[in-house]
Amino acid sequence: MNDNCYLFHANSPSFGSERLSFMCRMTGIFLLAVVVGSVLLPLRQAHSDESGEEAKTHDVVLIEIEPETTREIEGISELERRRYFNVCDPGTGFESRVKNDEMYEYLVDELGISFGRRLGVVKYPAKSIPEDPVRPGYPDISRFRREKVDPPSERMARDFGDRLDVAAHGQHNAFPEYMGKFTTDESVRDPKHEEFLPKNIDAAAYLSAAVLKFGFNDFERPSYYEPVNEPHWSFPKTQHLADWHLKTMDLVHRATASVKVGGPCLPVCYFYRNNYGAFNGLREFIDRTDARMDFYSFHTYDYLRWRDGELRGRIQSGVALEGTLDLVQNYTVNTHGKHVDVVVSEQGGYIGSDPKGEFDGEFVAGQIMAEHHPDADPTSWDYEMKKRSVVCFGHVSSIIANTLAFVEHPHCVQKTVPFLLPNTWSWGPKYYAQLYVPRGYQDQSQWVETDMLAYFKFFRDLQGRRVKALCSDPDLQVRAFVDGKKLFLVVNNQSFSPETVQLDGIDAESVHIRRFGRKRDFTVSYTEDTIALPKRLRVAGREAIMIVAEHDAPIAQTRRVNEIVCYGDKVAQPVDVADFVVVVPQDATIDYAQLRIGLTRSPESDRTPTVRFNGMELEVPLEDCAERFVDREYAMTKLVALDPAMLKSENQISIRFPDGGDGAIGSVVIRAAVNSK
């Protein structure tokens, strides 16, 4: 039939394999307010820190929490767990991949996991779908459309509702060769790793729509579809990739309107590289699709390297990611007049080395272990799990920093997936990113928990409405939520240096505290305890802390503030011409405000800009974590508290550096928290 009528015929049935990619994968701090002077630091006692040493007044950082003040961001306050706390698993067949009911209940009921990502949509079904003899180049779906898809189990339907809400992306070279091959000179330069896209985009879009319609039931059908996972870097610069995505979106919407289609699923998001020249790939894809895709997507990984006795490398997480997320929206608002949704179907951080060992990071972890445990038996299972723990810390700490950045952008970030797999035993029992390994990598009757599970333990019951929590220190990601009687406060230290914080606003005699950090040998340290409410708390370098305070009665909302995101009039400007205008509405009382500047410079350059705001020079704090963000460039998001009285309807912002014009300013954003009724 013409115009793909066969796929969408009114009498068609109701709409109702995982292979991992080994490709190298290329803050969030809404932190405002004041550093207070005060004394001393207790964890359990009132006048000393955990080491018994007094804290200097100027070293104490105030965290002000207002549990009764609901904090909205562009009108959104509720934390949707399914956006963030996902395993990298499609959910289909999950019950067969866990050991028993006890493990299922632990992961689902106690840790509160959701499902996040499916790799492969078209490739395997396409193997059984022949070419249509009537329409050469098109698939013959006549038999496929009659295949039955099993419904979910009663337990899965009970625990996950009507839909799993998974993001799915296609594998490389997945479409049948009878659709033709679109290539670039660069994508076929390496004959061992040639990549192609389908040339006949109408046929390819038709196949995607057919598989999404007939190959899934309503429960398992992906919510988000990226036609290809991490395409070759040369493809996003072509109109062909854009046209293919637009055509796919059109046909998928006609087949099953519940699936959103987007891309280009870039493997990296260090858009600040080459003075924001690296943003051109995504920018051009957005322009070529006229910002019409249901969402735009990329992955974010920290590339950790062992240098000078530390895990350093190119860091894209946390405070750097804030500027990345701001940049995308700043560009689309300026150029296309709207926010765009964002999906991140993989995120994390892994140790890269050459050789890597049998799993990513094993070689480096072995070096670290040999240095710290020279007399240990390197063939023992305990030693092996310690090696894995070194890798786990790097990965989970990056995932935590990313998650805390993502939750600050609920108006645009729709789905994020930590690259954490339940297990990979069917194809690689030693793979680095799994929650469980078989003992000795062979005995599958004994499931051994890895320290990757610490991510889900740490965040296991976090939910509720976002509440006001202000902090002056740019090294600390601070987030607070209220759920009934419970107040959750998360503090993540992105620097290598310890921080002392004073907690103001928690009304409880005791609190439950979870700590995710690292030991001296770089293995994971994860502890939980119930303690007397500390007024001051020591947060170790690279440590994340969750405080859960249960009040005597439900914490009532007494007022609301809504953070309005206001964007600069341009993006990606050289430092020597970095002058911006940001319009801020003046029709409501502003409770507090923050200036956010995404920037990049060469690593050896000055890191503290001179910022003039409506003619007045601002004090810009220099983050201690700066030394972690200087691998190939200094990439940072400067976060500066603003006095609301300084804000005008049009705000003039000038950014310069004392040592000259090296670098660029990616985005300038003001978040203004207005009092809501």
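This is a predicted model: local features need pLDDT of at least 70, side-chain atom pairs count only at pLDDT 80 or more; totals for chains, interfaces and linings use all residues.
Guide: Helices, meaning DSSP runs of H or I with at least four residues, and strands, meaning runs of E with at least two, are numbered here from the N terminus.

Visitor: What kind of peptide bond joins Asp354 and Pro355?

Guide: A cis one, with omega at about 0°. Another cis bond links Gly263 to Pro264, and there omega is about 10°.

Visitor: And where does Pro264 lie?

Guide: Pro264 is part of strand β10.

Visitor: Let's zoom out. How many helices and strands are there in the protein?

Guide: The protein has 12 helices and 34 strands. Its C-alpha trace spans about 80 × 60 × 50 Å along the principal axes.

Visitor: How does the radius of gyration sit with a compact globule?

Guide: It agrees, because a compact globule of 677 residues would come out near 26 Å and the protein has 25 Å.

Visitor: What share of the residues count as buried?

Guide: 61% of the 677 residues do.

Visitor: Pick a helix for me. What does α8 pack with, and at what angle?

Guide: Take its pairing with α9. Helix α8 (residues 280-288) and helix α9 (residues 319-336) pack at about 35°, and their axes are 11 Å apart.

Visitor: Is that crossing left-handed or right-handed?

Guide: The crossing of α8 and α9 is right-handed.

Visitor: Which residues meet there?

Guide: On the α8 side you'll find Leu282, Arg283, Ile286 and Asp287; on the α9 side, Val328, Tyr331, Thr332, Thr335 and His336. Sorted by class, that contact has four nonpolar, three polar and two charged residues.

Visitor: Why might residues three or four places apart point the same way?

Guide: An α-helix makes a turn every 3.6 residues, so residues spaced three or four places apart face the same way.

Visitor: Which residues of α8 are buried?

Guide: Gly281, Leu282, Glu284, Phe285 and Ile286. What they pack against is α6 (239-255), β10 (260-266), β11 (295-298) and α9.

Visitor: What comes just after α8?

Guide: Asp290 sits there with a positive phi of about 55°.

Visitor: Which other residues have a positive phi without being glycine?

Guide: Glu74 is one, with phi near 50°, and Tyr441 is another, at about 65°. Glu74 is in the loop between β1 (60-73) and β2 (78-79), while Tyr441 is in the loop between β16 (436-439) and β17 (443-449).

Visitor: Is Tyr441 buried or exposed?

Guide: Tyr441 counts as buried, because its relative accessibility is 12% and the cut-off for buried is under 20%. Glu74, at 28%, counts as partly exposed.

Visitor: New topic: Phe175. Where is Phe175 found?

Guide: In the loop between β6 (167-169) and β7 (181-182). Phe175 counts as buried because its relative accessibility is 5%.

Visitor: What is Phe175 in contact with?

Guide: Leaving out neighbours within four places in sequence, Phe175 contacts Val122, Phe196, Pro198, Ala204, Leu207, Ser208, Tyr225, Pro227 and Trp244. Ala320, on the other hand, is 145 residues from Phe175 along the chain, and their C-alpha atoms are 36 Å apart.

Visitor: Where does His409 lie?

Guide: His409 is in a loop too, between α11 (381-406) and β15 (413-418). With 1% relative accessibility, His409 counts as buried.

Visitor: Which residues does His409 touch?

Guide: Setting aside residues up to four places away in sequence, His409 touches Glu322, Leu325, Asp326, Arg596 and Arg671. Between the C-alpha atoms of His409 and Glu550 there are 27 Å, with 141 residues separating them along the chain.

Visitor: Last one. How far is Gln367 from Trp306?

Guide: In space, 9.5 Å from C-alpha to C-alpha, although they are 61 residues apart in sequence. Gln367 lies in helix α10 (residues 362-372) and counts as partly exposed, at 40% relative accessibility.

How values were computed: Residues are numbered from 1 along each chain as its sequence is written. Side-chain values use heavy atoms; hydrogens and water are left out. Axes are lines fitted to C-alpha atoms, for helices over the stretch in contact, and angles run from 0 to 180 degrees between N-to-C directions. A crossing is left-handed if the near helix is turned anticlockwise from the far one by less than a right angle, and right-handed if clockwise. Contact means heavy atoms within 4.5 Å. Ala, Val, Leu, Ile, Met, Phe, Trp, Tyr, Cys and Pro count as nonpolar, Asp, Glu, Lys and Arg as charged, and the others, Gly among them, as polar. Buried means under 20% relative accessible area, exposed over 50%, partly exposed in between (1.4 Å probe, protein chains only). The radius of gyration is taken over C-alpha atoms; the globule rule is 2.2 Å times the number of residues to the power 0.38.
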